[in-house]
Amino acid sequence: MARRSAPLLRRLVSASSPPAPQPLPGLARRTVTYMPRPGDGAPRAVTLIPGDGIGPLVTGAVRQVMEAMHAPVYFEAYDVHGDMPTVPPAVIDSIRRNKVCIKGGLATPVGGGVSSLNMQLRKELDLYASLVHCSNLPGLPTRHQGVDIVVIRENTEGEYSGLEHEVVPGVVESLKVITKFCSERIAKYAFEYAYLNNRKKVTAVHKANIMKLADGLFLESCREVASKYPGIQYNEMIVDNCSMQLVSKPEQFDVMVTPNLYGNLVANTAAGIVGGTGIMPGGNVGQDYAVFEQGASAGNVGNENIVEQKKANPVALLLSSAMMLRHLQFPSFADRLETAVKRVVAEGTYRTKDLGGSSTTQEVTDAVIASLD
């Protein structure tokens, strides 16, 4: 009896339920708008460093797209190459004046030769945080789906301190420097980023089982900062295990905070998992200045064949320039650019060789411009 009457009861209840509320006409697509401060629409100067290899191709793509969008930025371009002994003072002055820079890759000689100009920029401007966003792009098939990782790397010390010397012939000593000050501020930046971007977890990557003092100090700093963010899950992972977990279960990671060298390795590995370095945006930021570039360092200069054929992938730097536009508080332009780039990748008609296509840099750029809303 009870079983037979249950369907009837459900029909009676559903019939008596009030209809679901419908959105008011004209309000279905409306969103909360960005309210600028007076003067926020004034064009902003941005220092531009085309760099080496594919750099002029991909920065050229950025300039074309910005012009097509009528974005409120203009560029001060400087000719800088990785084989220069130092970054020209005029370039440093320009970045200090403009506060923002976008750059192509600068080739760093392997072994002997001049020091890295990338490192010179980071130290001179105290760009202590490197951020690389590694996530799946719609329509681009990869082995793993559901990946959305942000790698935040300490950018000024660690193995990149540049303190090396030959003790005796055949014996070289290279110092890894970890300080409480730098470890605390990169941990604060990682947790602040997670908090402001509604991220749920921060993972500290380390090798404190071997480097007990150096990486131990880094972990101690991360734990202290984590205690101030009870709403964000915190865990730690040894870098060896982290490497294995990245290629087997990358979807478990959210925000990762690392010392200098580990972050470089982790970011490039994560980029490879979701489609390669040609699509990963990133930047370097400090208290006063920001420099945006291709997120993962592998392949940011390219090779001679790609340069000669003009088939460099501009996606990474275009997405980095969208990050730059948000940094400059031009969110609608950033959204338009990011949407257009993702639409071109998803449609699949125009892709460079690294994404399985044969398009040139210019063809991809033209497709992005045509896709702008």
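Predicted model: local features only at pLDDT ≥ 70, side-chain atom pairs only at ≥ 80, totals over all residues.
How do the residues of the lining of the largest cavity divide into nonpolar, polar and charged?

1. The structure holds four cavities of 30 Å³ or more, and the largest cavity has about 80 Å³ of space in it. In answer to the opening question, the lining of this largest cavity is made up of three nonpolar, six polar and two charged residues.

2. The residues that line the largest cavity include Gly 55 and Val 58, Lys 103, Gly 104 and Gly 105, and also Glu 293, Gln 294, Asn 300, Asn 313, Ala 316 and Leu 317.

3. The aromatic contacts deserve a separate look. A pair of aromatic rings is described by the distance of the centres and the angle of the planes. In this model the count comes to four aromatic pairs. In one of them, Tyr 128 and Tyr 189 have ring centres 6.5 Å apart and planes at 85°, and because an angle over 60 degrees counts as edge-to-face, the pair is described in that way.

4. Where do Tyr 128 and Tyr 189 lie? Tyr 128 belongs to the loop between α4 (117-124) and β4 (129-135), whereas Tyr 189 belongs to helix α5 (residues 180-196), so that their pair ties together parts that are 61 residues apart in sequence. Tyr 128 has a relative accessibility of 11% and therefore counts as buried, the limit being under 20%.

5. A further aromatic pair, formed by Phe 191 and Tyr 234, is tilted, with 6.0 Å from centre to centre and 45° between the planes. Since Phe 191 lies in helix α5 and Tyr 234 in strand β9 (residues 233-238), this pair ties together parts that are 43 residues apart in sequence. As for accessibility, Phe 191 is buried, with a relative accessible area of 0%, while Tyr 234 is partly exposed, with a value of 22%.

6. Phe 191 and Tyr 234 also belong to one aromatic cluster, which they form together with Tyr 195 and Tyr 229. Another kind of contact with a ring is found at Tyr 160, where Arg 153 lies over the face, at 5.1 Å from the ring centre.

7. Is strand β1 (residues 44-49) largely enclosed or largely open? Five of its six residues are buried, so strand β1 is largely enclosed by the rest of the structure. Its partner is strand β2 (residues 73-77), to which β1 is joined by five bridges, with the two strands running parallel. Within this pairing, Thr 47 stands opposite Glu 76 in β2.

Key: Residues numbered from 1 in each chain as written. Heavy atoms only, no water. Phe/Tyr/Trp six-rings, centres within 6.5 Å; stacked < 30°, edge-to-face > 60°. Helix = DSSP H or I, 4+ residues; strand = E, 2+ residues; numbered from the N terminus. Buried < 20%, exposed > 50% of the residue type's maximum accessible area, 1.4 Å probe, protein only. Lys NZ or Arg CZ within 6 Å of the ring centre and 35° of its normal. 1 Å grid on protein atoms, 1.4 Å probe; cavity = no way out; pocket = protein on both sides within 12 Å on 5 of 7 lines; lining within 4 Å. Points joined across faces, edges and corners; volume = space filled by probe spheres on them. Nonpolar A, V, L, I, M, F, W, Y, C, P; charged D, E, K, R; others polar. Pairing = 2+ DSSP bridges.
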